[in-house]
Amino acid sequence: MSSRVQGRERGRTAARGLVGVGLVCALVLAGAGYVARELRGIAAVRADGDPARGVYQQDPERADRTAAAVLDGIVREEAQPPTDGRAFAGSAAVDWRSGGWEPSDPLEAGPAPADPAVGALFSPGRDGDPDHHCSGVVVHSPAGDLVATAAHCVHGGGFRTNLAFVPGYRDGTAPYGVWVPARIEVDPRWTAEQDPDHDIAFLRLRRPGYPGQRLEDVTGAKTIAFGTELPAPARLVGYPNASEEPLDCRTTALAAGPAQLRLDCAGVPNGTSGGPVLTDGHTLIGVIGGRDGGGDEETSYSSFFGDGVRALYERSARS
């Protein structure tokens, strides 16, 4: 969900337009010095990284400050996962291909239990975004520290430097901690042209204050699959900007050309970009994004996980 696209991004684009108007008004009312400070604040949350390779290595101190900002009044950590009966209750174990799976009826997204391996991406600071602006999913890797999300959630006009991932987020709590990127990897075709066929990113994460702790050991992980045969039963999950709990929808993943998945389901709003598209309960076959920045009021999209995504995953996992 970046300002470059329409559809779901119209609200975001309009909001950024209002930010621009506000800056102009500030110039008139308070002088160029105030505006310069505000522009520096916005620009400070982007970095060039290495666009030719699609790589950004995060500064550890900067990442630690982001985690502290998230924990300073935005979310609170809990010593144990929530036990109020609303926490994740094992839906990832359902074999949808052979276990009597049916699509949502009506075909519309609704509130879902929090899944430890699915979370919200936060971006504190003066960047024009709400507290959590995208979603992500823990994906299995040898180092146990990898999260998949949409490329437009982490790169647009540069790499975001103010990211934090809160797995299992619900109602202002971080039951599995706050994690920050050590490294962000996207396809160079995204950094060059924001090609929607390559709207996928992988983040290597760490938890400040917990050296050596592995994300996957805390949350579990989804298994990534490539070249999935379509159509396939699918469940999409994400965190709307204006909600403090996830939503999901069971639908069918269809081919939308050679490099996109199409997922028909109403009510999947801004903030869900980067959320997982799952089949057989635990297998990741896409993330919400791709065409039109993820879709519109009736349809979501994902870049197809083919050979290009496989190469990006393998590169990210061994970095």
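Buried means under 20% relative accessible area. These close-ups come from a predicted model.

**View 1. Arg170 and Glu245 form a salt bridge.** The N to O distance is 2.6 Å. Arg170 sits in the loop between β9 and β10, and Glu245 in the loop between β14 and β15. The two are 75 residues apart, so the pair links distant parts of the chain. Glu245 has a relative accessible area of 18%, so Glu245 is buried. Arg170, at 8%, is buried too.

**View 2. Asp248 and Arg235 meet in a salt bridge at 2.7 Å, N to O.** Asp248 belongs to strand β15 and Arg235 to strand β14, so the contact ties together parts 13 residues apart in sequence. Asp248 is buried at 15% relative accessibility. Arg235 is buried at 5%.

**View 3. Arg53 and Asp50 pair through their side chains.** This salt bridge spans 3.7 Å, N to O. Arg53 is partly exposed, at 43% relative accessible area. Asp50 is partly exposed as well, at 26%.

**View 4. Seven strands build an open antiparallel sheet.** The order is β2-β11-β12-β7-β6-β5-β9. Strands β2 and β9 are the edges, each pairing on one side only. Neighbouring strands are turned by 30° against each other on average, direction ignored. Four bridges join β5 to β9. Gly119 stands opposite Pro167 in β9.

**View 5. Helix α7 packs on the sheet.** Its contacts are β2, β6, β7, β11 and β12. The direction of α7 makes about 15° with that of β12. The 12 residues of α7 should span 16 Å, and the end C-alpha atoms are 17 Å apart, which agrees. Buried residues of α7 include Val309, Leu312 and Arg315. Arg315 also joins Arg183 and Glu185 in one salt-bridge network.

Technical notes: Residues are numbered from 1 along each chain as its sequence is written. This is a predicted model: local features need pLDDT of at least 70, side-chain atom pairs count only at pLDDT 80 or more; totals for chains, interfaces and linings use all residues. Side-chain values use heavy atoms; hydrogens and water are left out. The expected span of a helix is 1.5 Å times one less than its number of residues. Buried means under 20% relative accessible area, exposed over 50%, partly exposed in between (1.4 Å probe, protein chains only). Two strands pair if DSSP finds at least two bridges between them. Axes are lines fitted to C-alpha atoms, for helices over the stretch in contact, and angles run from 0 to 180 degrees between N-to-C directions. Contact means heavy atoms within 4.5 Å. A salt bridge is a side-chain nitrogen of Lys or Arg within 4 Å of a carboxyl oxygen of Asp or Glu.
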